[in-house]
Amino acid sequence: MKRILSVFLGVLTAIGGFVDIGDLVANALAGARFGLSLVWVTMLGVVGICLFAEMSGRVAAVTRRGTFDVIRERLGPRAGLINLVASVLVTVLTFTAEIGGVALALELATSVNYLLFVPVVGFAVWLVIWRLKFSALENVFGLLGLALIVFAVALWKLGPDWSEFLHSIVAPRKPATEDLSTYLYYGVALFGAALTPYEVFFFSSGAVEERWTAKDIATSRVNVFLGFPLGGLLSVAIAGCAALVLMPQGIEVDTLGQVGLPVAVAVGKLGLAVAILGFVAATFGAALETGLSTGYSVAQYFGWQWGKFVKPRQAARFHIVVLLSLMAAIAGVLTTADPIKVTEYSIVFSAVALPLTYFPILVVANDPVYMGEHVNGRLSNVLGTLFLFIIGIVAVAAIPLMLITAAGQ
Amino acid sequence: MTDDDTFDLRLRLLDRQVVDPDGAMICKVDDVELVPADDGGYVVTALLAGPLALGPRLPGRLGRWTVALARRWADGPDPAPRRIPFERVTELGSAVVLDRTRDQLGIARLEDWVRTHVIDRIPGSRHESE
């Protein structure tokens, strides 16, 4: 019974923790401009994150080694260092976007300028990372993130013609008014939002934090293959709401309020309150994950002690890295750069950085000396290789598309 | 180690995580000390760690700067990389397991410095997370 409960809890937190500021913004943006014609990209992205999260979780459970530990080992110190610098830059940019997102959500709730919340949010993030137990941190924000189910409720209440709705997902047609390059650029953004590299760092390091062993692989698979797709459905619901409410009105999303607008229309004030709670939980939870991920990555590259399973003084350098990246993120938000724009850039650069993380994971998950009986099966390998190919194309295309479309204008 | 008479040092030893008997992380195998053996091959006599071992393996200017900075910080006239005699190694797997803890080995001065000067001054640094 206890086992079933813990699996159930794991799935719930995987659903609630799936969406972050990148998913919120990208899906609402794409839904408002392209209707349902880009939902297939989100679905493809969910398949990818499931594949690679499962692989990195399995590697961590079998070997107790986090992703960056493995990256340095396979790529060597040079390529590993370039990879580390790129990954940390993207993760700190994402961290900045998440903290900005929490502050924007609090502004929505209180009408007080978001910049005033930034120092408070920053301190709260640090305090939680410093004091709260890993499992508590994951469960609390994962469960609160479930408030975003209100987008599914809103979609239901908006009552679209479901057969038409599904048809425009499976047979996507680009709106005639939009250029192909813009369509593809938003596709890249959605892909980057679904597959953000920090999610893999966090998932694999979390497996070590929670002391998973080979016995926990089955549980991890349930979390990933059930929780992530259901979390992905929340992304689709956000896009669907935007497509039904914002697109017909010609509203383009450039504030967090507009992301929540369809919920206010369909469910009313109380619904909006729940949505805002969901925004706060999702972005705050993701801020913790990105902050920890910078510490995990740097410490794992250099072989330092890391993790919340030891006292802070036993992982001093790890905590310093987290603290420094938090300061960088707070400073980033305080430049008054629009957090929604920062989010857009963070997901596109995530797409560029994806192969750096995913390639070494695939290589190690395939190493029989390392993985023993838990080495990749044929299906994982075929799909993993296929995905790496897609990720490579997306990464190469991202920057040129950004330049051609002037970042999707 | 294996029945095969070649051992791929780069794949199976270099850049591996080094841990103590309880699994606490100590350092990476930043480099190794090789001594020619009688049979014409080489024997690994020690694991080397720290910026003075890693620096020379980094490209160009970055590598030189790493070494120069580490030399400047080190005390003593002729600083050398942190050296862990190979006899300390008890297991070679996904990590290299030693029979000593980090404190017993006395390596990683940066960790000690950060601990005493920063982390220990923040309330709660000695507590487990709750």
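How many residues does the contact take from chain A and from chain B? I looked this up before anything else. The contact takes 29 residues from chain A and 29 from chain B, where two residues are in contact if their C-beta atoms, placed from the backbone, lie within 7 Å.

**Ground rules.** I am working with a predicted model, where local features need pLDDT of at least 70, side-chain atom pairs count only at pLDDT 80 or more, and totals for chains, interfaces and linings use all residues. Residues are numbered from 1 along each chain as its sequence is written, while chains are lettered from A and ligands numbered from 1 in the order in which they are written.

**The side of chain A that touches chain B.** I checked which elements give two or more residues here, and found helix H4 (67–110), helix H5 (114–131) and helix H14 (316–334) of chain A. Helices (H or I, at least four residues) and strands (E, at least two) are DSSP runs, numbered from the N terminus. H4(A) gives the most, with seven residues. By residue type, I noted 12 nonpolar, five polar and 12 charged on this side of chain A. Ala, Val, Leu, Ile, Met, Phe, Trp, Tyr, Cys and Pro count as nonpolar, Asp, Glu, Lys and Arg as charged, and the others, Gly among them, as polar.

**Two helices in chain A.** Next I turned to helix H2 (residues 21–34) and helix H9 (residues 180–195) of chain A, whose axes come within 9 Å and cross at roughly 155°. Axes are lines fitted to C-alpha atoms, for helices over the stretch in contact, and angles run from 0 to 180 degrees between N-to-C directions. H2(A) and H9(A) are therefore roughly antiparallel to each other (angles under 35 degrees count as roughly parallel, over 145 as roughly antiparallel, 65 to 115 as roughly perpendicular and the rest as oblique). On the H2(A) side I picked out residues including A:Ala26, A:Leu29 and A:Phe34, and on the H9(A) side residues including A:Tyr183, A:Tyr186 and A:Leu190. The residues of this contact divide into 10 nonpolar, two polar and two charged.

**A four-strand sheet in chain B.** I traced an open sheet with the order E2-E1-E7-E6 and mixed pairing. Two strands pair if DSSP finds at least two bridges between them. Strand E2 (25–28) and E6 of chain B are at the edges with a single partner strand each, so one side of each lacks a neighbour in the sheet. The twist averages 25° from one strand to the next. Strand E1 (residues 17–19) of chain B pairs with strand E7 (residues 95–98) of chain B in the parallel sense over three bridges, and B:Gln17 stands opposite B:Ala95. E6(B) (residues 89–92) runs antiparallel to E7(B), also with three bridges, and a hairpin of two residues joins E6(B) to E7(B). There, B:Val89 has B:Leu98 as its bridge partner.

**A three-strand sheet in chain B.** My last stop was an open antiparallel sheet in the order E3-E4-E5. The twist here averages 35° from one strand to the next. Strand E4 (residues 42–49) of chain B pairs with E5(B) over four bridges, and B:Leu47 stands opposite B:Ile84 in E5(B).
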